[in-house]
Amino acid sequence: SSLLGVWALFLAFLFLQVGNGLQRILLPMRAESEGFSASSMGLVMSVHFAGYLVGAKGISRALAAVGHIRVFAALASTASAAVLVNAVLVFPTSWAAVYFVGGVCNAGVFVILESWLNDRATNETRGSILGAYMMFMMGGTAIGQMLLNVGSPEGFELFVLSSVLISLAVVPVTLSASTAAPVPGSGAIPLRELYRTIPAAVVGIILCSFVQSASTSMAAVFGTESDLGSSRITLFTSAAVIGAITLQIPLGRFSDRYPRRAVIMIVAAASCGFAVLGALIPTSSLLLLVVNMTFGAFVFPLYGQFVALANDWVPAEKRMATASTLVLASSLGAMAGPITIGIAIDTFGPSAYFWSLAGCLATPTVYLSYR
């Protein structure tokens with residue numbers, strides 16, 4: 001019931017994620033036909049997440065100046081225009097620059113929505129509410145990736161479709177009278193201060209963002225390097241995202257009922273195990289799709305659970321500043337993920353994709369057991 005007042009923002013967010021999901025898989029597929037290397041696409045994706053750094057730092061000031069609805073509309077419109085530029089200028093350097101702008105816009109949207117939801121939530125409901133938020137995020141991404149099959153990556157039609165979907169995100173927010181803007185908190189929370197308050201959440205956000213950005217941005221690159229074919233790549237990338245939808249709310253409720261750190265540690269350990277399994281299964285096996293779906297079901301709820309863990313420990317008046325700092329921490333991990341995986345694939349082959357993810361997931365498991 002606490003989410004009914006922000007239905008327009010959720011609908012807008014769904015449109016935005018469908019457009020972003022299509023673009024996320026469209027760029028690697030187009031890059032393959034253009035002859036771009038895995039490491040160059042890893043750099044493009046990393047620069048995109050570097051834009052999150054700028055967006056997370058500047059969003060609070062923009063909200064205080066003109067309000068949440070205007071900022072959301074400006075971010076969505078800018079992201080929509082950026083997609084069309086990528087359709088015209090097909091070079092790694094231009095894609096990196098334009099996708100950086102897209103990262104700035106996405107970070108702003110995440111800060112707006114996450115701060116608002118945490119303001120509505122309590123410690124007893126936060127995991128479930130953020131699970132619903134992640135379900136919208138991953139569901140939209142999965143739908144967007146499936147749309148790759150309605151056109152050819154070599155043309156411009158799919159770029160236009162992505163741009164149209166992102167533009168539609170503006171409509172529900174600007175026409176709804178029920179959407180209210182959260183009031184930005186006074187002052188920012190430095191990353192170091194938030195780390196002193198709840199170190200497990202900060203470390204976990206960085207590491208799980210590394211894995212999630214790599215798995216959403218570089219899964220298509222893994223598929224092309226493994227010679228899976230266009231339709232099989234779509235199934236592979238969508239499998240993890242579809243899996244992510246299934247356990248968001250159940251695991252969120254589980255973390256509301258039991259000690260949140262312990263639940264997160266178990267989920268991280270399970271994710272690590274499925275990543276190891278993915279590295280051992282031949283890429284030609286259909287079982288790989290099942291493993292990737294199960295991997296996504298466990299790994300993608302981690303972000304919402306770490307956000308919930310952090311907000312359990314901060315006062316209500318610092319929700320906006322906390323959301324901004326968490327997106328900043330997330331962008332650090334997300335920025336390193338794609339370029340690291342791209343270099344690993346170029347150096348050691350496609351199997352390095354899952355081995356790298358497994359190694360990264362082992363770290364928060366050990367750290368949480370220590371905490």
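Predicted model: local features only at pLDDT ≥ 70, side-chain atom pairs only at ≥ 80, totals over all residues.
Q: Which residues does Thr224 contact, leaving aside neighbours within four places in sequence?
A: Contact here means heavy atoms within 4.5 Å. With those neighbours left aside, the partners of Thr224 are Met29, Glu32 and Ile233.

Q: Where does Asp227 lie, and what is its phi?
A: Asp227 belongs to the loop between helix 10 and helix 11 (230-246). Its relative accessible area is 70%, so Asp227 is exposed. Asp227 is a residue other than glycine, yet its phi is positive, near 60°.

Q: How many of the 28 residues of helix 1 are buried?
A: Helix 1 (residues 7-34) reaches 41 Å from its first C-alpha to its last, close to the 40 Å expected at 1.5 Å a residue; the expected span is 1.5 Å times one less than the number of residues. Helix 1 is largely enclosed by the rest of the structure, because its buried residues number 21 of the 28.

Q: What is the C-alpha separation of Glu34 and Glu154?
A: Glu34 lies in helix 1 and is partly exposed, with a relative accessible area of 38%. Glu34 and Glu154 are 120 residues apart along the chain, while their C-alpha atoms are separated by 8.7 Å.

Q: How are helix 3 and helix 6 oriented to each other, parallel or antiparallel?
A: The axes of helix 3 (residues 68-88) and helix 6 (residues 157-168) come within 8 Å and cross at roughly 175°. Axes are lines fitted to C-alpha atoms, for helices over the stretch in contact, and angles run from 0 to 180 degrees between N-to-C directions. Angles under 35 degrees count as roughly parallel, over 145 as roughly antiparallel, 65 to 115 as roughly perpendicular and the rest as oblique. The two helices are therefore roughly antiparallel.

Q: Which residues does Ser163 touch, not counting those up to four places away in sequence?
A: Ser163 is part of helix 6 and, at 6% relative accessibility, counts as buried. On that count, Ser163 touches Ser80, Val83 and Leu84.

Q: Which residues touch the most other members of the largest nonpolar core?
A: A nonpolar core is a set of buried Ala, Val, Leu, Ile, Met, Phe, Trp, Tyr and Cys residues joined through side-chain atoms within 4.5 Å. The largest one has 120 residues, and those touching the most other members are Met41, Tyr133, Leu302 and Tyr353.

Conventions. Residues numbered from 1 in each chain as written. Heavy atoms only, no water. Helix = DSSP H or I, 4+ residues; strand = E, 2+ residues; numbered from the N terminus. Buried < 20%, exposed > 50% of the residue type's maximum accessible area, 1.4 Å probe, protein only.
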